[in-house]
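Keep the 3D view open and follow along point by point.

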Amino acid sequence: MQESNASKSIVEVSLSDLSAPARLAVRKELRRLESMVEPGEIVVSLARGAYKGRFGLVAVTEKRVFFVDRAKINSQTTSFSLEWIEKIETGSTPLGYGRIELYLKADAPAPNRLRFKVVPKTKTEQLAKAISIHSGLGKVSEVGLVPDESVESECLETTTDEQNGAGT
């Protein structure tokens with residue numbers, strides 16, 4: 001059985017961007033990402049991370065930013081077009097996570113701000129640079145240390161909704 005170009009791309013990027021333990025931790029997410037990437041769409045950067053309180057895989061292609069979480073209950077997969085991004089900020093949290101905040105254009109069919117945690121935080125700059133290059137922005141703002149509470153506020157709401165049975 002021959003691998004598709006998307007699979008080769010994901011495998012190659014995962015070998016260069018993720019440590020062996022990280023690849024093991026997100027192996028289900030990597031498989032799911034293969035089915036989400038369109039033919040000809042190239043994955044340029046990967047990292048473990050969190051979105052809305054869920055840990056999984058953050059992936060950047062030439063066209064989109066993906067978050068893939070393959071949890072046994074309420075798994076979540078989301079993608080956002082790079083065309084929607086208006087501004088990128090990076091920083092870190094006191095707990096040692098990297099943070100990427102994407103501000104979206106007013107007409108984007110998504111929330112106006114997306115917050116991702118990145119593990120390890122040393123991968124934050126790499127992901128942000130890939131997003132900025134492929135979105136055409138070219139500039140990333142460094143905001144420094146950000147309190148964990150500001151990043152977690154959205155996450156607490158998501159956890160509460162999931163406990164009440166309203167999964168994504």
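1. Start with the sheet. It is an open one of 8 strands, arranged in the order E4-E3-E2-E1-E7-E6-E5-E8, and its pairing is mixed. At the edges you will find strand E4 (76-81) and strand E8 (141-145), each of which pairs on one side only. Direction ignored, neighbouring strands of this sheet are turned against each other by 30 degrees on average. Please bear in mind that this is a predicted model.

2. Now step back to the whole chain. The chain has 5 helices and 8 strands, and reading along the sequence gives the pattern α-α-α-β-β-β-β-β-β-β-α-β-α. Of the 168 residues in the chain, 44% are buried. Among contacts with a separation of 6 or more, 52% come from residues 24 or more positions apart.

3. One pair of strands is worth a look. Strands of a sheet can pair in a parallel or an antiparallel way, through backbone hydrogen bonds. E6 and E7 take the antiparallel sense, over 6 bridges. Here leucine 102 stands opposite leucine 114 in E7.

4. Which residues touch the most other members of the largest nonpolar core? They are Val65, Ile85, Leu102, Phe116 and Ile131, out of 21 residues in that core. At least two residues of this core come from each of strand E1 (43-51), strand E2 (54-61), strand E3 (64-69), strand E5 (85-92), strand E6 (98-104), strand E7 (113-119) and helix H4 (124-135). H4 gives the most, with 4 residues.

5. Leaving aside neighbours within four places in sequence, its contacts are Val65, Leu102, Tyr103, Leu104, Lys105, Ile131 and Leu137. There is also a second, separate core of 15 residues, and Val13, Val43, Phe66 and Val68 are included in it.

6. Next, turn to helix H3 (residues 27-36), whose buried residues are Glu29, Leu30, Leu33 and Met36. These residues lie on the same side of H3, because they cover an arc of only 115 degrees around the axis. An α-helix has 3.6 residues a turn, so residues three or four places apart point the same way. The exposed residues Arg31 and Ser35 sit on the face of H3 turned away from its buried side. H3 lies across E1, E2, E3 and E4, and runs at about 140 degrees to E3.

7. Lysine 87, in strand E5, deserves a visit too. Is lysine 87 buried or partly exposed? Lysine 87 counts as partly exposed because its relative accessibility is 36%. Its side chain is joined to that of glutamate 89 by a polar contact of 3.1 Å. Leaving aside neighbours within four places in sequence, lysine 87 is in contact with Glu101, Leu102, Tyr103, Leu137 and Ser141. Tyrosine 103 is 16 residues away from lysine 87 in sequence, yet their C-alpha atoms are 5.0 Å apart in space.

8. Finally, check two backbone details. Most residues other than glycine have a negative phi, and most peptide bonds are trans. Lysine 52, in the loop between E1 and E2, has a positive phi of about 55 degrees although it is not a glycine. Lysine 52 is partly exposed, with a relative accessible area of 28%. The peptide bond joining valine 119 and proline 120 is cis, with omega about -10 degrees. Proline 120 belongs to the loop between E7 and H4.

Key: Residues are numbered from 1 along each chain as its sequence is written. This is a predicted model: local features need pLDDT of at least 70, side-chain atom pairs count only at pLDDT 80 or more; totals for chains, interfaces and linings use all residues. Side-chain values use heavy atoms; hydrogens and water are left out. A nonpolar core is a set of buried Ala, Val, Leu, Ile, Met, Phe, Trp, Tyr and Cys residues joined through side-chain atoms within 4.5 Å. Buried means under 20% relative accessible area, exposed over 50%, partly exposed in between (1.4 Å probe, protein chains only). Contact means heavy atoms within 4.5 Å. The arc is that of the directions from the helix axis to the C-beta atoms. A polar contact is a pair of N or O atoms within 3.5 Å; within protein, one must be able to donate a hydrogen and the other to accept it, and residues adjacent in sequence count only if both atoms are side-chain atoms. Two strands pair if DSSP finds at least two bridges between them. Axes are lines fitted to C-alpha atoms, for helices over the stretch in contact, and angles run from 0 to 180 degrees between N-to-C directions.
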